[in-house]
Amino acid sequence: MAKKMNAFYAQSGGVTAVINASACGVIETARRHKDKIGKVYAGRNGIIGALTEELIDTTKETDAAIAALRSTPSGAFGSCRFKLKSLEANKREYTRLIEVFKAHNIGYFFYNGGGDSADTCFKISQLSEQMGYPIQAIHVPKTVDNDLPITDCCPGFGSVAKYIAVSTLEASYDVRSMAKTSTKVFVLEVMGRHAGWIAAAGGLVEDHGIPVVILFPEIEFDQKKFLARVNKLVKEHGYCTVVVSEGCHYPDGTFLAEQGTRDAFGHAQLGGAAPVVANMIKDALGHKFHWAVADYLQRAARHIASKTDVKQAYELGKKAVELAIAGHNSVMPTVDRISDVPYKYKIGMADLKDVANVEKFMPRDFITRDGFGITPKCKRYLTPLIQGEDYPKYQDGLPVYVTLKNVAVAKKLPTFKL
């Protein structure tokens, strides 16, 4: 780009324990390249902030406040679930984006999100060609589901995996203590609509002597086989733990947890697999149970974030800016694994056309033959991603997290209705 342009950064979809670390990487790196990038504007509530011209001036934040993002969970600028339609289907939104970009001299677009966000970023990357506006769009990967293709792992996943592995271990110790006269089965429901990466993390406790059954979205649910497996483990150990993915489904495709409603992206609204499974066990086997749904806790738990995950989240935010400065468009920085032991990786790059609308599922050789556990190969993949602790500072017994001022940029355009 001939003249110095401003940048737009936004967070999208479900937030994570480390998405703000990526924001920190983007903003700090942009500040180190003031000769190339002017101001970094953040979208209030994701891409919606661009459409409604609700921009946040990050230059109003101190270096210390931006640095504190690295250890603060959730989305500092607000996120959203909003998927742009195609240019042909809704040209009005794209015309508005260009108007906002022009009004605020924005030439760089950094979108921090998962699969649907990659699709949005890819569409915006095409604006230069299709609508004659120079914009460089870089997708910053983020998703606890770990289902983006090409990249070895996604920021947010390592910390969720650590939380689920630790919670499964601790809850299993509790159940083991009470199994003689009380609870014999504990059921933990975790996120994962189509991919069982998070559920797989619960399988890491097997090496600690814990009898565990994993229910993956990739494996069709067989009630008879499942109950037989649970009963066998309870007879052998006196108890067992079940980790069930919210996306676990029957052979006809019906989710165990389907509520009959849809989210903003049109996906089936899930939640409730744990009580379904727990009551199934009670009715068929008579075992006392307890169940829990990890829900927001698993993705908000910055206090136990994986050090590896925090580091990679920051590095990918940093790399996104470096790619933009180098002239790239329509790409996503990736984690490219070099070896498992010792764990080594490098930061690479993928074309967004190969990322958008593609889901990465658990490989079959990561799941045991019976469909209820994880293989040594899967453990070798998962273990490095949950390594290390990166505790936030504490005060009066609670973590110290930052809340930004989020000063609004003055609007220059007429109001836009979504």
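UniProt positions are given here in the numbering of the present chain, and such annotations may be inferred rather than shown by experiment. In the predicted model examined here, the UniProt annotation "active site", taken from an unreviewed entry, covers D145. This residue, D145, is placed in the loop between strand β5 (136-141) and helix α7 (157-178). When residues up to four places away in sequence are not counted, D145 touches M191, G192, A195, W197 and I198.

The chain is divided into two domains, of which domain 1 comprises residues 5-142, 303-357 and 389-399, and domain 2 comprises residues 157-300. The C-alpha centres of domain 1 and domain 2 lie 33 Å apart. To the contact between them, domain 1 contributes 15 residues and domain 2 contributes eleven residues. The size of an interface is often given as the accessible area lost when the parts come together. For domain 1 and domain 2, the area buried between them is about 1,200 Å², with 59% of it on carbon and sulfur atoms. On the domain 1 side, R81, D116 and I304 lose the most area to domain 2, and together they account for 43% of what that side buries.

The count of salt bridges between domain 1 and domain 2 is one. A search of the whole structure finds 15 salt bridges. Among them, the side chains of K83 and D116 meet at 3.2 Å, N to O. This pair links distant parts of the chain, with K83 in the loop between α3 and α4 and D116 in helix α5 (residues 115-125), 33 residues apart.

Strands of a sheet pair through backbone hydrogen bonds, either parallel or antiparallel. An open sheet of four strands has the order β7-β8-β6-β11, with parallel pairing. Its edge strands are β7 (212-215) and β11 (289-293), each of which pairs on one side only. Neighbouring strands of this sheet are turned by 15 degrees against each other on average, direction ignored. Within the sheet, strand β6 (residues 185-190) and β11 pair in the parallel sense over five bridges, and the bridge partner of L188 in β11 is A292. Helix α9 (residues 223-237) packs on the sheet, where it touches β6, β7 and β8 (240-245). The direction of α9 makes about 165 degrees with that of β7.

Antiparallel pairing is found between strand β12 (residues 331-339) and strand β13 (residues 344-351), which are joined by eight bridges. The bridge partner of S339 in β13 is K344. A hairpin connects β12 to β13 through four residues. P342 is placed in the loop between these two strands, β12 and β13. The peptide bond that joins V341 and P342 is cis, with omega about -10 degrees.

Most residues other than glycine have a negative phi, and most peptide bonds are trans. Besides the cis bond between V341 and P342, the backbone of S74 may be noted, as its phi is near 70 degrees, a positive value in a residue other than glycine. S74 is found in the loop between α3 (63-68) and α4 (91-103).

Notes:
Residues numbered from 1 in each chain as written. Predicted model: local features only at pLDDT ≥ 70, side-chain atom pairs only at ≥ 80, totals over all residues. Heavy atoms only, no water. Pairing = 2+ DSSP bridges. Contact = heavy atoms within 4.5 Å. Axes fitted to C-alpha atoms, helices over the stretch in contact; angles between N-to-C directions. Domains from an automatic or database assignment. Buried area = accessible area lost by both parts, 1.4 Å probe. Salt bridge = Lys/Arg side-chain N within 4 Å of Asp/Glu carboxyl O.
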